[in-house]
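Work through the exercises below with the sequence and the structure at hand. Try each task before reading its solution.

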Amino acid sequence: MKMRFPGLIAVVFGLAAASAEASEIASPAPADTGAAVFKLSARDGTGRMKFGSTVLIGPGRLLTTCHVVRDAESIQVHRGAARLTAKPDFVDIEHDLCMLSAPDLLAAVTAEVATPGELKVGDEVLAVGYPRGGKLAVSKGRLKALHRYGAVRVLQVSAPFDYGQSGGALFDIAGRLVGITAFRTLFGGDFHFALALDGINEQELKRQATVPQSAGHKMAFWERAAHAQPLFLRAASHEANGDWKALLGVAQQWTASDGTNSASWLALWRAFSSLKRDRDADLALLRAEALNQR
């Protein structure tokens, strides 16, 4: 795949090879875990096909990531041999969340959605979807950090997901839907990101869909050039690359602008630790721990 910017975040459906981490951890998902998760295929005007996943969150109402379906002329939802037609309902390209309507799924099992704010850093999570357009699979990990971009909270998790799982489900350990799997770094590790379901409702999606489709809104926030990305993504990219000096600069900006987010202080701690600035690292870690105890 040709990246829009060098060496940063890879769109999940565009990865050419399976992640070794994902292949070691992923296993067939229990039937009840994946009851509301479907395989998705989207064909554009040139006949090019993209595969992803999608989650049924209400009768005939599916949620997925926009980067899978935004260029589609036809969308199909798969379950076994059945192929059902779906159509875009509400679109929020910038935040990468799209609602689809599928009348044939009015009576199907829907996901149980968790109450916003229940998920805490350190909690176990399950990523469920259809890697590489194949069989339903689940991987297990933990919530590593909580970030915010505009109206959407972004969940950073260690549960790996791969090609075809973008738009799939992120469940808490009780099997409740907490997010939609979206993108990850090229370098693996604990840099997998999902979009939380806080405030995801018809009224909010309608409001966001009225944003003019200017050049800045034709791609998701995480697809933009590095300098235009949120600080938490810039920090993740530098950390994944092992560029500790660059991470230090971004982490300092991040703590200055969002000092109540423990993730910003943890990024600063990792930068100082890797640069052998132990006293500064200890102070940053103390600040992060204090915030996590609130």
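**Exercise 1.** State what share of the 294 residues in the protein is buried, and how many helices and strands the protein has.

*Solution.* The model is predicted. Buried residues account for 51% of the 294 residues. The protein has seven helices and 14 strands. Now take the contacts between residues at least 6 apart in sequence: 63% of them join residues at least 24 apart.

**Exercise 2.** Check the length of helix α5 against the number of its residues, and list its buried residues.

*Solution.* Step 1: α5 covers residues 244-257, which is 14 residues. Step 2: the expected span is 1.5 Å times one less than the number of residues. Step 4: the buried residues of α5 are Leu-247, Leu-248, Val-250, Ala-251, Trp-254 and Thr-255. Step 5: their cover includes β10, α4 and α6.

**Exercise 3.** Decide how α6 is oriented relative to α7, and describe the contact of α6 with α7 by class.

*Solution.* Step 1: α6 (residues 262-274) and α7 (residues 278-292) pack at an angle of about 160 degrees, and their axes are 8 Å apart. Step 2: an angle over 145 degrees counts as roughly antiparallel. Step 3: α6 is therefore roughly antiparallel to α7. Step 4: the crossing of α6 and α7 is left-handed. Step 5: among the residues that make the contact are Trp-265, Trp-269 and Phe-272 of α6 and Ala-281, Leu-285 and Arg-287 of α7. Step 6: by class, this contact of α6 with α7 has 10 nonpolar, three polar and two charged residues.

**Exercise 4.** Describe the surroundings of Ile-75.

*Solution.* Step 1: Ile-75 lies in strand β6, residues 74-79. Step 2: Ile-75 counts as buried because its relative accessibility is 4%. Step 3: leaving out residues up to four places away in sequence, Ile-75 touches Leu-40, Ser-41, Val-69, Leu-84, Thr-85, Ala-86, Pro-88 and Leu-100. Step 4: Ala-86 is 11 residues from Ile-75 along the chain, and their C-alpha atoms are separated by 5.4 Å.

Conventions: Residues are numbered from 1 along each chain as its sequence is written. This is a predicted model: local features need pLDDT of at least 70, side-chain atom pairs count only at pLDDT 80 or more; totals for chains, interfaces and linings use all residues. Side-chain values use heavy atoms; hydrogens and water are left out. Axes are lines fitted to C-alpha atoms, for helices over the stretch in contact, and angles run from 0 to 180 degrees between N-to-C directions. Helices (H or I, at least four residues) and strands (E, at least two) are DSSP runs, numbered from the N terminus. Angles under 35 degrees count as roughly parallel, over 145 as roughly antiparallel, 65 to 115 as roughly perpendicular and the rest as oblique. A crossing is left-handed if the near helix is turned anticlockwise from the far one by less than a right angle, and right-handed if clockwise. Contact means heavy atoms within 4.5 Å. Ala, Val, Leu, Ile, Met, Phe, Trp, Tyr, Cys and Pro count as nonpolar, Asp, Glu, Lys and Arg as charged, and the others, Gly among them, as polar. Buried means under 20% relative accessible area, exposed over 50%, partly exposed in between (1.4 Å probe, protein chains only).
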